[in-house]
Amino acid sequence: MQNIVALLREAADTAEILEHESMKRHTTFRIGGPADVFAVPDTEQAAAQIIRVCRECGVPYYVIGNGSNLLVADRGYRGVIVQIYRNMSEIAIDGDVVSAQAGAMLSVIAKRAQAAGLAGFEFASGIPGTVGGAAVMNAGAYGGELRDVLVDVTVLDRDNRIRTVPARELQLGYRYSVIPQNGWIVLAVRLRLQPGDPQRILRRMEELKEQRVSKQPLDLPSAGSAFKRPPGNFAGKLIMEAGLRGFAVGDAQVSEKHCGFIVNRGQATAQDVRGLIEAVIARVREQSGISLEPEIRMIGEWTETIENIK
Ligand SMILES: Cc1cc2nc3c(=O)[nH]c(=O)nc-3n(C[C@H](O)[C@H](O)[C@H](O)COP(=O)(O)OP(=O)(O)OC[C@H]3O[C@@H](n4cnc5c(N)ncnc54)[C@H](O)[C@@H]3O)c2cc1C
C-alpha cells in the first residue's frame, strides 16, 4: 500500500490521503475497521485522479459520502476508500436550478433552497446523506424522492472521462440507480425545484423534522432503515409482528422505537449487525413467508460472504 499512497499523493496533491483510517469515524453507525487508505479529494479533478490511479494499479476502491447507509466490516476495507463529502460540497443556485457538488449534504441544500424560495426539496431535508449518495440510492422520504427533482449528474465514467448524464438515463427506481453497476462516480448534480413561499417551505421542513424525531431512534447511531420496503408491506411492521422489537445480537439491536431501524447501543460490531440482519431475515421469512432485503450497503473484509444473507 506504500506505493499506492505515494502515487495518490503525487497524482492528487491537494487531496488528503490517510492510512489505516478507522471507518467508525466516517459512518453514522459508528462501526467499522480501518481502511488501508482513506482519500478525501477537494476537487473533481483530484477525485478523478485518485480513481484513475486505483484503476490503473488494480487496487480496489469504494466511494462513500457521509457513510449513512453503510456497514463496514470489523476487519476494515482492503484498498482505498474515497470520501466525497465536505471538501466537495459547493452549492450554487441559478433561477430554479440548484447545482451542487456530490459531497453537499441534503440538509444544507434544503436550507439553501428554502432561503432562495425554492420548493420541492423539503422531503430530503432530514435525510443525513450527501446528494451524491442520494443520487446513487434514489433516496426518498415522505412521498418525495431524488428522481422527482434530479436534472442530471456529472460523473466520472469507466474510461476516466468526466461527463454529464441526464437523470432519465439513470433508471432511478426504489432505492435503485444504475450508477454503481456502470462504475460511475458522482461528482456533481443539478436539481430543478419550483418557486415557493420561504415560510411555507420552512414550515413543511419543520413538520417533517418533527415526524422524524417522534418516529425514529435518532439518539442512537444507525444507518436508517436497515431493510428495503417489500412490495405492499413495511419492513418495520413485519419485524414487529415477528416479535423482534428490541431483539439484539451483542450491542446491535432492533430499535424499540422503530423496528425498521437497527441501532448501535454502544459497542456493536459489524459482525453483530450482520448476525442481527440474518436473524431478522430468517425469523420474518418463517413468520410471513416474505424475504426482507437489506437496504444498508455492506463492504469490507468479512469472515463469510455477504451473499449468505440475501
Ligand atoms: C437516521 C437516518 C435516517 C435516514 N433516513 C432516510 C430516508 O428517509 N430516506 C432514505 O432514502 N435514506 C435514509 N437514510 C439512509 C441514507 O441517509 C441515504 O441512503 C443517503 O442517501 C446516503 O447518502 P451518503 O452520502 O451517506 O451515502 P453513503 O452511505 O456514503 O453511500 C451509499 C451508497 O452510495 C454510494 N456513493 C456515495 N457517494 C457516491 C458518489 N459520490 N459517487 C458514487 N457513489 C457514491 C456508495 O458507494 C454506497 O453504495 C437514513 C439514514 C440514517 C442514518
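The structure is a predicted model, in which local features need pLDDT of at least 70, side-chain atom pairs count only at pLDDT 80 or more, and totals for chains, interfaces and linings use all residues. Residues are numbered from 1 along each chain as its sequence is written, and side-chain values use heavy atoms, with hydrogens and water left out.

**Exercise 1.** Determine which backbone atoms make polar contacts (pairs of N or O atoms within 3.5 Å) with the ligand oxygens, and how much of the ligand the protein buries.

*Solution.* Start with Gly 67, where a polar backbone atom lies 2.9 Å from a ligand oxygen. Next take Asn 69, where a polar backbone atom is 2.8 Å from an oxygen of the ligand. Finally, the ligand taken alone exposes 970 Å², of which the protein buries 93% (Shrake-Rupley method, 1.4 Å probe).

**Exercise 2.** Work out which parts of the chain are tied together by the salt bridges of Arg 78 with Asp 36 and Glu 301 (side-chain nitrogen of Lys or Arg within 4 Å of a carboxyl oxygen of Asp or Glu).

*Solution.* First, Asp 36 pairs with Arg 78, with the closest N and O atoms 3.0 Å apart. Because Asp 36 lies in strand β2 and Arg 78 in strand β5, this pair ties together parts that are 42 residues apart in sequence (strands being DSSP runs of E, at least two residues). Second, Glu 301 forms a salt bridge with Arg 78 at 2.6 Å between the closest N and O atoms. Glu 301 lies in the segment after β19, so this pair joins parts that are 223 residues apart in sequence.

Notes
Polar contact = N/O pair within 3.5 Å; in protein donor to acceptor, adjacent residues only side chain to side chain.
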